[in-house]
Amino acid sequence: MVRKLAFLLYLMPLFIFAQLQSPSEFLGYEIGTEFSRHADVVSYFEHVAANSVMVKYFDYGKTNERRRLTYAVISSEENLANLEQIRTDNLKNIGILSGSANPDKTIVWLSYNVHGNEASSSEAAMNTVYKLITEHSDWLKSVVVIMDPGVNPDGRDRYVNWYNQVKASPYNSSRDAIEHNEPWPGGRPNHYLFDLNRDWMWASQVETQQRLKIYNQWMPQIHVDFHEQFINNPYYFAPGAEPYHEIITDWQREFQNKIGKNNAKYFDKNGWLFFTRESFDLLYPSYGDTYPLYMGAIGMTYEQAGHGMAGLGIINDEDIELTLVDRVAHHTTTGLSTIEVASQQAASLNSEFKKFFQNDNLKYKSFVLKGNPDNLKALTKMLDRHEIKYGYATGGSVSGFNYSENKKGAMDAKGALVVSTNQPKGKMVQVLFEPNAALSTPITYDITAWSLPYAFGLETVASTTFVPAMGANPNNTVSNTSSPIAAGYIAKWNSLQDAEFLSALLQANIKVRFSENELGFGGNTFGPGSLIITRSDNKNNVDFDKTLIEIANEMGRQLYASPTSFADNLTDFGSQYVHLIKNKKIAMLQGEGTSSLSYGALWHFFETQLKYPITSINTGDIGNIQWSDYDVLILPDGYYKSILSDDAFKSLEQWINKGGRVIAIGNAVATFEGKEGFDLKKNGDEKAEKEKDTLGNMIPYVQRELESTKDFITGSIYKVMLDNTHPLAFGYGDTYYSLKLGSDSYKFLNDGYNVGYIKEPESVSGFSGEKAKAALKNSIVFAEAKKGKGSVVYMVDDVSFRSFWQNGKLFLANAVFFIN
């Protein structure tokens, strides 16, 4: 009997393993011959976890559209039994947890389908987990693999559902077929149309926020992000292209090369083409390859030809049919190859990973920041998501590089936020806060400036000496009490949080005014834009005081209860310079011709941050809009000249003349360039342009790309002068640092208001070509052109870009509530 029981126990794992199905067996079709919906991918991973002792499967959250966010942990049965020990030993090894450890396992994290219409990778994830546990389980003795099979489920299903609805059977490989031409906005972005591959650091999206919690619990030594590129490029894998950020170590460079050579071995064996060291640089910190690199890992992007246009099969420019079957095979191969190298290099990966977190040689020891408390709080909220430590200075003066002066300077550090590099994640701190990232070449894939002190509008000194700080926040909690005898309440206006407060009041049917002038009441001074909530305006609201105080306390807004409306100076509550703020009916265009990313960022801003209702209208319906139904029209970045026909533009112009307001952002500004009555002209030198065209023909072919960078601005930070007496700039000082994404340059308005402008171009961070920089002389950044009873607000720089330029968001609120 004992022998029989022992024999049954021996056979049980074999029996369980026998129940495991391949993806094709489970799904009912050969992998790569259909696109699987996200729910099918999840179901397969659940099946694998239920039928293999080498896989555990977890949820880590949900998307905006309530799809599951999941990850699988794959390793040997013995390792899975000791998973918590392996995890904590890894964190002890790099100093994130206290204690000592000498881990002998390495952690590899594989992320799939961050761009929804790069859909081969989730298919490959299913293929990879099956092959890994059935054919290469010996690698798992020294490796723990974490697989996120669908980083962007909402985008994936948007693409897959559309494709499955329109494809021919059998599929049509002609590029003209509908199945190769996605409608706007495509499946690439998430629900709010954000590019999640550029959100790792800014973490504005729920997918990123939830994923980071798990990532920080594990801190892998290798991270791979699986992508697709356009159909004529074969396959890209590491090593990456220059520029590399200087914080990236020689070891990380060398190990990328090691993995690349192993990938190449398999691609050469199969006769598959690939390329390396081109296009995909390692600088911008919010990618799925660079973020892990700055967290000590070997971060890599793998790019397969395909993208949303490829479908199940397409003929490329070389008359080769690119199939989904091929794409899945390529991604499966590089995934397995990477795990293989990790299994061979577990010891060196752990030892070098530990070295990365030793930060004695960093140039800056502490970054000391002061300024608007709301912006400081927003910054610490971002740091908390990445588990980066900070504290508050107890006093004393600190000297170093002063960001406002763009040179050496000093400031009083008492109460200042201090973020130091003498912590495990010190190298990431250096990358995020350094004044200017060094560039080995100006040819980059993304923006070259992101320095957080500028993004959050904070006075900052970068010190080469350590600044001691305590952990507690010295700021006091706001606690207002109602004052039934008050004539009204006054609240400051200098942050996005103040605008959120205004939005909440308006939607609670509380009437609010704002002042164009500085106010003085009870010995207190309140700047232009300050909110005034009077009892006389709200006399019919029996819960006025109670509701106001509850909202103010919940949102941390300090109110001053004034017993009188008679001011210390000239501006009383009833002044002609104090205006009632009306609830605005806002329309915003979306659809063909608009940038889905710009629209998405604005949609996200109004819906999740300002929490103020807007009506999104498709550009295809523009001829049916009753403009009189709206007070404000927002034009996201886009190209509108093909959308706004002569009749549509004329209708829009008539609405503006009657009091309508347009907020034009980014390239949408060009819609009004040269149009009569809109006071907008481009800067340009025809002689210089002609000379450029002539000289361009004389530049050697090999130098053309580098030479062209003289005309580019790739995400550079510029100092902008502000007329902060204009409502568009209420809440700001007389200068502002703007993230400039391109070289568009418009002349000062002749009759309108030049609110934010550049006289002599001063770039404080990032790359600007010499010609593009020079062309910004005497150009607007923010302006208002009056037109009849209405106006057009020009925002040449997009303040909502990727939702991370915190200090620019108040311009949007000002444009909506205060102008005209």
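Figure 1. Strand 29 (residues 713-722) is mostly covered, with eight of its ten residues buried. Buried here means under 20% relative accessible area, against over 50% for exposed and in between for partly exposed (1.4 Å probe, protein chains only). This is a predicted model, so local features need pLDDT of at least 70 and side-chain atom pairs count only at pLDDT 80 or more, while totals for chains, interfaces and linings use all residues. Residues are numbered from 1 along each chain as its sequence is written, and side-chain values use heavy atoms, with hydrogens and water left out. Helices (H or I, at least four residues) and strands (E, at least two) are DSSP runs, numbered from the N terminus. Two strands pair if DSSP finds at least two bridges between them. Strand 30 (residues 735-740) runs antiparallel to strand 29 and is joined to it by six bridges, with Leu739 as the bridge partner of Ile717. Strand 32 (residues 763-768) is also antiparallel to strand 29, this time over four bridges, and there Tyr718 has Ser763 as its partner. With strand 31 (residues 753-758) the antiparallel pairing rests on two bridges; look for Leu722 opposite Gly756.

**Figure 2. The largest nonpolar core, seen around Met795.** A nonpolar core is a set of buried Ala, Val, Leu, Ile, Met, Phe, Trp, Tyr and Cys residues joined through side-chain atoms within 4.5 Å. The largest one has 140 residues, and Phe433, Leu531, Met795, Phe811 and Phe817 have the most contacts inside it. Helix 23 (residues 809-817) gives this core its largest share, seven residues. Another core lies apart from it, with 46 residues that include Phe45, Leu132, Phe237 and Ala238. Back at Met795, the residues touched include Ile663, Ile665, Val669, Leu728, Phe782, Phe811 and Ala815, leaving aside residues up to four places away in sequence. A contact means heavy atoms within 4.5 Å.

**Figure 3. Asn814, a buried residue of helix 23.** Asn814 lies in helix 23, and at 0% relative accessibility Asn814 counts as buried. Who does Asn814 touch, not counting residues up to four places away in sequence? The answer is Trp493, Pro727, Leu728, Ala729, Phe730, Tyr732 and Ile819. To place this view against Figure 1, note that the C-alpha atoms of Asn814 and Gly715 are separated by 24 Å, with the two residues 99 apart along the chain.

**Figure 4. Helix 16, mostly covered.** Helix 16 (residues 496-507) has twelve residues and reaches 17 Å from first C-alpha to last, close to the 16 Å expected at 1.5 Å a residue. That expected span is 1.5 Å times one less than the number of residues. Ten of the twelve residues are buried, among them Leu496, Asp498, Glu500, Phe501 and Leu506. Just past the helix, Asn509 takes a positive phi of about 60 degrees.

**Figure 5. Strand 9, covered on both faces.** All eight of the eight residues of strand 9 (residues 298-305) are buried, so strand 9 is largely enclosed by the rest of the structure. One side carries Ile298, Met300, Tyr302 and Gln304, the other Gly299, Thr301, Glu303 and Ala305, and all of them are buried. In a regular strand the side chains alternate between the two faces of the sheet. Strand 5 (residues 222-229) runs parallel to strand 9 over eight bridges, and strand 6 (residues 235-236) runs antiparallel to strand 9 over two. Glu303 is the bridge partner of His227 and also of Tyr236.

Figure 6. Inside the order, two bridges join strand 14 (residues 397-402) to strand 17 (residues 459-463), running antiparallel, and Asn402 sits opposite Val461.
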